[in-house]
Amino acid sequence: MLLIFFIFSIILCLSVFLLKKKIITNLLSKIFLAAHSFISINAYLKINQFDSPYYKFDSLAVLLSFVLSILSVATFYHSYLYLKRHKVSKRQEANYYAALMMLITAMTSAYFAENLAVLWASVEATTLLVSILIFYEHTEEALEATWKYLFICSVGIAFAFIGILFLSMTAGNNGLTNLSISGLISIAKLMDPLWLKISFLLALTGFSAKMGLFPLHTVAVDAHTVAPPPISAFISTTLMNVGFLAIYRIFTIVAHTEIIDWVQNVLLIVGLLSVFMATIQLQRVNHFKRMFAFSSLEHMGIVALGLGAGGIGFYAAILHLVFHAFTKASLFYQVGQIHQFFKSYWIKDVSGYFKLNPVGGLSVLFCFISILAIPPSGLFVSEFLIFKALFINNHPFVAIAVLVLLSFIIYTILKNVLHLLYDDVPVGLNFENVKVNQYETISQFVLLSLVIYLGINPPLFFTNLINGAISVLN
Amino acid sequence: MTYLFIILYAITLIYFALSERTKKFIWLLAIQGLILFGVVFFSLNEIDIFDFIFILLETIIVKTMVVPWFLNKVRKHNQLKREHEPYVPVFYSIIVVILILMVSFLLSSYLNNGNMHTQYFTVAFTSIIFGGYFIIIHKNIFSNVVGYLIIENGIFLLSLAVGSVMPIMVNLAILLDIFMAVLILGLFINRVGDTFKSLKTEYLSKLKD
Amino acid sequence: MLSLVLILITAPFFVGIILKVKAKFAARKMPSILQPIYDVSRLFKKGAVYSTTTSIIFKIAPLVYFSSVVIAAFFIPIGSLKGVLSFNADFVYFAYLLAFGKFMMILAAMDTGSGFEGMGANREALYSMLIEPAFFILIVSLALFTENTSFYGLFKSLQISTNLSYILGLTAIYVLMYIAMIENSRSPVDDPNTHLELTMIHEVMVLDNSGFDLALIHVATWLKFSIYGALISNFIIQMEWPLYWQLGTYFLIQVAFAGVVGLLESFRARNKLGKNPQWIIMLSAIAIVLFLTTLIITKKIILY
C-alpha cells in the first residue's frame, strides 16, 4: 500500500517538475493532498499491522501522519499565497511544489518505517529535499544557511549511522540479520549494554540536528532565518517530529534493558541544556523567525524532559509534540502576513500590528498565548503533565530549574510580542499595496481551536493512539 | 595481508595532515579508495558471491573514480590551488594525528570483546576523529567536504566489522550517503564559489544575532 | 670481523655511485666512481688550518666523530656474519654513539664563533632530535616482533617468520632509507651542493674544517651510509642462504641503495626550509604507526 503511494507521488512530483503549468500544478497538488489523507486514514484503520517487511502502521506513526496531513493542507494553502505575492516564475513555482511533495513523501516514509536502515535513509532524503526549499530565496544569507544546514545535517546523519552500526553489531552477535525494530526489541535484553549506550548516544547526537535538541540545534535556527515562512512552519513542526520519531524508535529498543535509567538521565540532561541554551540566546535575539526557532528549541527540550521523566511523561511528551506542531505552524503562517506589511523580519522594524491588521493581530495574540503554555492552551496541559512526571519520578531540581528558565523565556517573548502588537506604527511605513485577505487567518484559528479542543476534551481515538504509542514502553 | 592495508591507510592519514595542496587531497582520497578495495577483497570472503562483487565494484568505482573526478571538477571550476594557512600549523597537526591514533588504539582495546572483527577499529576510529579535526582546522569549505569524506571512509571500515552478517544493507547506505553528499555538496560548492567569489569560510559568517 | 671489513670495503664507492646516478639522470658527463676517493686522498695529504678563535674541541672533534662512526660499525651484522661486538640492547648504544659523534661536531661548529656555523649546528641538532624517535621506535617494534634486543639476534629471528615480516620489513626499509638520507644530510632535507648560506645545514657546519679533518669527516659520512645500507640489506638476506650468496646480495643491495638515493635526489626537489621539521616528523609518525601495528600483530594490549 505504501509502496503504491510512493510510486504515485513520485510520478506526481515528476509531472509537476517537468510540466511547469500552473493549472496542472494546482490540480496535482490537490490530488496529492487527497492521496496523503487517504493514506493516513487507511493507516489508522489498519493500525498495528505490517504493510511490508519495512513498513508498519504503528500508532505513533499514524498520529504523526494525521498531523502531517492537516499541516500539509495548511502549508500548501499558505505556500500558494506566498508564491502568488512574490511573483515567482512558473519554473520556480513548479520546483517548489515538486520539492514540497517529495518532502512530504519522504517524511511519510520515515514515519512508517519499521526498519532502522529505511528510517535512516528517509531522514537523509528529507535533509536533502528540505535544503532545496530553504535555499528558495537565493540570497547570500540563504546560501550560507543552506550550506551549513546541509553540511552539519550530513555530519549528524553520519554519526547516527555509526550508532546504528554499533547496534547492528551487537544484534548480529545475537543472531539478528536485519535491522527491523520489532526484532531488535525482542533481543534487546541480550545485547551488550556498553554498545547499547554508545549507539544511543551517537544516534541522539546525530538525530538532534533534525529534532533541534542541544548538540546540533544551531542549524535549524539558521535555516529558519532564511526560509520562506510556510517552509519554516514545516521545518519547525513535522521535520522535528521526524527527528523525535527516530530518537523514539531507538528509545523503545532500549526501554526494557538495564540501561534505561542511564538513558533517561541523558535525555534529562539534553532537555535541560536545550532549554538553557534557548533562554540564553533568546536574550539577544533581534530577528523574528530566529525567536520562534529558539522557542522551538525550548519546546523540544521540554519534550526530551518528558521522555526522560518517564511514567506519565511519555504520554505528555507525545501530547506536547502534537500541540506544538499545530501552534508553531499557525505562528509561522502569521509571520508570512506580518512580512507582507513590514517587509522585514527585524524586531525593531515591526510594531503596531494590531492597528494595521486587527484580525491578524488577534491571531498573533492567541498564538502567543498558546505557545507560552498559558491556559486554555493544550500546551499547558502537556507541560503540566511533564512537570508532574518530573516531580513524581524524583527529579525536583530539574523541574525547578526548567521552571525558572521558562519564566525568563516567557518574559522575553512576551516583551517582543507586545512590542509587535501594541507599540506605535513605525514612521514612514507605506502599506498601500498590501493585499492581505482577512480570510487567510481562518486556518490559524482552526489550528488553535484544535489545540484547545484536544487539550481540554480529547476524543477517545486520540488518547487511544497515544496510549498505543507508549504501550511498548511499559 | 590485511595488516598491510591497515598500515597503508594510517600512513595516508598522516599524509593528509602533512599536505597542503588541494590536488594532493584528492589524490590521497583516491588512494584511500584503492586501499579500501584491497581491504574488502581480503576480508569479506564469507558472504555470497553477488553481494561480494557488488561491494567490490561499488568501492572501486565510487570511492576511487567517481568521487575524486567530481572533486577535481569542483577544484578546477573554483581554481583552488592550496590551502592557505590552516588554523593549526602542519607540524602540530602531525603530532595530533599520532595522538589521535594512540587514543583510538586505547579506545579499541577497551571496547574489544573478542567475538567481532575488530582489527579495523583502530584505523576506523582514527579516521573518524581525524576527519572531524580536519574539518575544524581548515578554513576552506572544499576542505570541509574532504574531511567529511575521510569520516565516510572511516565509517566504511567500521561497517566491515558487521559486513559478514548484514552486507547489503550497510553498504547500500554508504553508497547513498556518498552519492548524495558529493553531488549535492559539490553543486553547492560551485554555487557558493560563484556567489562569493571565494571559498573561504570567513565569508560565510553573516548570519548572527 | 668479516662484516666490519665488508662495510669498510663498500664505504668508499657509495658517494661515487650516487653522483654517477645523478649525472646519468641529468644527462651530464659522469665522473669516475673513484672520484670521491681521489678527492679525499688529496685532502689527507694537506695540512689543516686552524682559526685562532677555536680551542681544543675544534681540533679533536673530527677525530672523535670519525672514531664513533667506526665503533658503531662494529655492531652491525650482515646476514649470518656476526658483528665484532654484540650484546643485549646494543642498538641503544649504537644510536647514542652516533649521537655523541654528532654532538662533538655541533660543539666544534659553535666553537668557531661564526654565525653561520652556529645556524647550521642549530638546524642539524633539530633534525637529529626529530628523527631520533623514528629510529628508536622502528628498532623497538622490530625487537617487540622478534623478542630479541641485540642487532644480531633481531635480524636472526626476523628471517623465520612469514609474510607479516614482509610488511614490517618493507615499511622499515622505507623509513630506514629516509633516516639514512637525513642523517647524512642529503635531499630532501639538505642539498650538499648548495652554497647559499641561508639554506645550508651540514656543509656549513664543516665550513671551517680543512685538510686532514675535512677528509675524516667525508670518510665518516661514507661509513654512515654504508652502515645504514648494511642494516637495510639485513632485511633481505635470509639466514639459510650459503655464504657467497649472502655476500653477493649484500653488495647488490648496497649498490641498489646508492642508486635509489641518487634516484630520489634527482627527481625530488629539496624541501622548503620551513617545511623540513614537519616532513621529518612525518617519518616519526610512520614509525609510530608501525609500532602500533606490531602491537596489534603480536596481540600485546596495553589497557584492558
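I start with the rule for salt bridges: a side-chain nitrogen of Lys or Arg has to be within 4 Å of a carboxyl oxygen of Asp or Glu. This is a predicted model, so I note that local features need pLDDT of at least 70, side-chain atom pairs count only at pLDDT 80 or more, and totals for chains, interfaces and linings use all residues. Residues are numbered from 1 along each chain as its sequence is written, chains are lettered from A and ligands numbered from 1 in the order in which they are written, and side-chain values use heavy atoms, with hydrogens and water left out.

**Entry: salt bridges**

Side chains of opposite charge can pair when their charged atoms come close. I get a count of ten salt bridges over all chains.

I looked at C:Arg186 and C:Glu265, whose side chains meet in a salt bridge at 2.7 Å, N to O. C:Arg186 lies in the loop between helix 7 and helix 8 of chain C and C:Glu265 in helix 10 of chain C, so this pair ties together parts 79 residues apart in sequence. My helices are DSSP runs of H or I with at least four residues, strands are runs of E with at least two, and both are numbered from the N terminus. Are C:Arg186 and C:Glu265 buried or exposed? Both are buried; the cut-offs are under 20% relative accessible area for buried, over 50% for exposed and partly exposed in between, with a 1.4 Å probe and protein chains only.

Next I checked C:Lys102 and C:Glu183, another salt bridge, at 3.7 Å from N to O. C:Lys102 is in helix 4 of chain C and C:Glu183 in helix 7 (residues 163-183) of chain C, so the link spans parts 81 residues apart in sequence. C:Lys102 counts as buried at 9% relative accessibility, and C:Glu183 is buried too, at 14%.

Salt bridges with shared partners join C:Lys102, C:Glu124, C:Glu183 and C:Lys224 into one network.

In chain A I picked A:Glu144 and A:Lys148, with the closest N and O atoms of their salt bridge 3.1 Å apart. Both sit in helix 6 (residues 140-173) of chain A, four residues apart, about one turn of the helix. A:Glu144 is buried at 1% relative accessible area, whereas A:Lys148 is partly exposed at 25%.

Most residues other than glycine have a negative phi, and most peptide bonds are trans. So I went looking for exceptions.

- A cis peptide bond joins A:Pro375 and A:Pro376, with omega about 10°. A:Pro376 is in the loop between helix 15 (358-371) and helix 16 (378-392) of chain A.
- A:Asn394 has a positive phi, near 65°. It is in the loop between helix 16 and helix 17 (396-422) of chain A, and at 66% relative accessibility A:Asn394 counts as exposed.
- C:Ala89 has a positive phi of about 60°. Its loop runs between helix 3 (56-73) and helix 4 (90-111) of chain C, and C:Ala89 is partly exposed at 32%.

**Entry: a buried loop residue**

What does C:Asn209 touch, not counting residues up to four places away in sequence? I found C:Phe58, C:Pro62, C:Met105, C:Leu214 and C:Ile217, where contact means heavy atoms within 4.5 Å. C:Asn209 is in the loop between helix 8 (202-205) and helix 9 (212-236) of chain C and is buried at 6% relative accessibility.

**Entry: chains**

Which chains share the most contacts? Of the two pairs of chains in contact, it is chains A and B. No contact joins chain A and chain C, and their closest C-alpha atoms lie 15 Å apart.

Chain B has seven helices and zero strands. Buried residues make up 62% of its 209 residues. Among contacts in chain B between residues at least 6 apart in sequence, 74% join residues at least 24 apart.
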